[in-house]
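Reader: I would like to learn how to read a protein model. Can we take one step at a time?

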Amino acid sequence: MLRRSFLLAAGASALSACSDGQAARPEAGGADGTPIPLKHARYLKLERHDGYTVARLRAPVADQSGGQAQEQEAVLVLAPREGAEPRLPPALRDATVIRTPVMRIAANASSDEAFLGQLGVKDRLVAVGGRVSFDDDVRRGVIEGHIGQIGYNWHAPPNLDVLLAARPDVFLMRLSDLAHTPVLDRARRLGVIVAPTFAEDEPTYLGRAEWIRLHGLLTGREAEAERLFGQIEAKVEALRAAAALRPAVPMLWAYPAGGDRWVATVRGAEQAYLADAGGRNLLARPEDPRKWSSETLATEQILPVADQAQVWIVGDLHAAPPRSTVVEGVSPAFRTNRLFANTGRSNLSANAYDWYQTAFVRPDWVLADFVKALHPDLVSEPFRFLKPVARGAYR
């Protein structure tokens, strides 16, 4: 099984226009708009105007049934809750106006839950995807019925009846499949204020995390978001610099998927973690935004490089024992027990995995784990998302 979120394609260049039913495109920027600098996010632009802030969201979204990706977009006007409606120029006539700070939030993606949790406002959630949040408080709220279940983005379009009953100030909708676009449009027609989120589509891990700036603006936590992202960025840069001084460690990130198949990380933001941590991915492929970050390979394709792998990320939520142990017999990573799984922050009884939640928001924690796995003396803090596993263990 493919990973729910990390394996979503970043999309293709030269994408077609938005599908039918999308709002008309506002023109680019009012005359008085001052850009809010963003260093890494490609699919988010912020600009400050007199009395309000504009957020421009635009990203390619794939048809998960195998069709062509299409560009989706939205323009949000974030205006203070107190005061009159903002007077907008014609260029913003089709924008979605959101009065801030928002106090009631619905979200169908675990990553948006994590952004809000890191900002200390998870108590504002009134509806989430379901019962498998890694956050104990949110999961308990769902089980006890205080928080509605609208369905996770990777599973199905949102349940509009539950969404309407929750009465959110804003619905943060992770649009992970073009097939869900009609539901987004219908939610808007029913009066729900929808802000599509594309953090998980960002091609870099810092680009994903920088979306916390938007969550900060929405919730009145702008200063906290800016400060936290600055800390994340500084930690990442320090880890990169330390790892760059060491010889690259030959490694693999490939988990067995049953039979003679392996799901191997070969490109994208996940491959960037390996490179930035001082690893040399023996199965790295050229970057291609039209392709997944991982590929399913046969054991015969793994074997030619397995004897060079000194470290192996071999465990995953979706791992299934391989038919043969021939790979284990040739890899030094297995002989020296330098094997890891990405299930370190998991609640198995709740079927909750923070790899699909906080990992998007805290790439500094993720990178620290990879550096520790490759160069143990460079990181003194304990593992978070990664954990050492014994030979023959894959979760």
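**Salt bridges, helices and the backbone**

Author: Start with a pair of charged residues: R208 and E270 form a salt bridge, with their closest N and O atoms 3.0 Å apart. Keep in mind that this is a predicted model.

Reader: How many residues apart are R208 and E270?

Author: R208 sits in helix α5. E270 belongs to helix α8, residues 268-276. The pair links distant parts of the chain, and the separation is 62 residues.

Reader: Is E270 buried or exposed?

Author: Buried means under 20% relative accessible area. E270 has a relative accessible area of 1%, so it counts as buried.

Reader: Now E233 and K39. Which elements hold the two residues?

Author: E233 forms a salt bridge with K39, and the closest N and O atoms are 3.4 Å apart. The two are 194 residues apart in the chain. E233 lies in helix α7, and K39 in the loop between β1 and β2.

Reader: Is K39 buried or exposed?

Author: E233 has 14% relative accessibility, so it is buried. Exposed means over 50%. K39 has a relative accessible area of 63%, so K39 is exposed.

Reader: Which parts does the pair of E200 and R174 tie together?

Author: The side chains of E200 and R174 meet in a salt bridge, 3.3 Å from N to O. They are 26 residues apart in sequence. E200 lies in the loop between β10 and α5, and R174 in strand β9, so the pair ties together that loop and that strand.

Reader: How many salt bridges are found in the whole structure?

Author: Some residues form a network: K122, D135, D137 and R140 are linked by salt bridges. A search of the whole structure gives a total of 26.

Reader: At what angle do helices α1 and α6 pack?

Author: Two packed helices are described by the angle and the distance between their axes. The axes of α1 and α6 are 10 Å apart. The contact is made by D112, F115, L116 and Q118 of α1 with I212, H215 and T219 of α6. The angle is about 65°.

Reader: Which two residues does the cis peptide bond join?

Author: Look at the loop between β5 and β6, where P101 has its place. Omega is about 0° at this cis bond. The bond joins T100 and P101.

Reader: What is the phi of N337?

Author: N337 is in the loop between α11 and β16. N337 is not a glycine, yet its phi is positive. The value is about 60°.

Notes
Residues are numbered from 1 along each chain as its sequence is written. This is a predicted model: local features need pLDDT of at least 70, side-chain atom pairs count only at pLDDT 80 or more; totals for chains, interfaces and linings use all residues. Side-chain values use heavy atoms; hydrogens and water are left out. Axes are lines fitted to C-alpha atoms, for helices over the stretch in contact, and angles run from 0 to 180 degrees between N-to-C directions. Helices (H or I, at least four residues) and strands (E, at least two) are DSSP runs, numbered from the N terminus. Contact means heavy atoms within 4.5 Å. A salt bridge is a side-chain nitrogen of Lys or Arg within 4 Å of a carboxyl oxygen of Asp or Glu. Buried means under 20% relative accessible area, exposed over 50%, partly exposed in between (1.4 Å probe, protein chains only).
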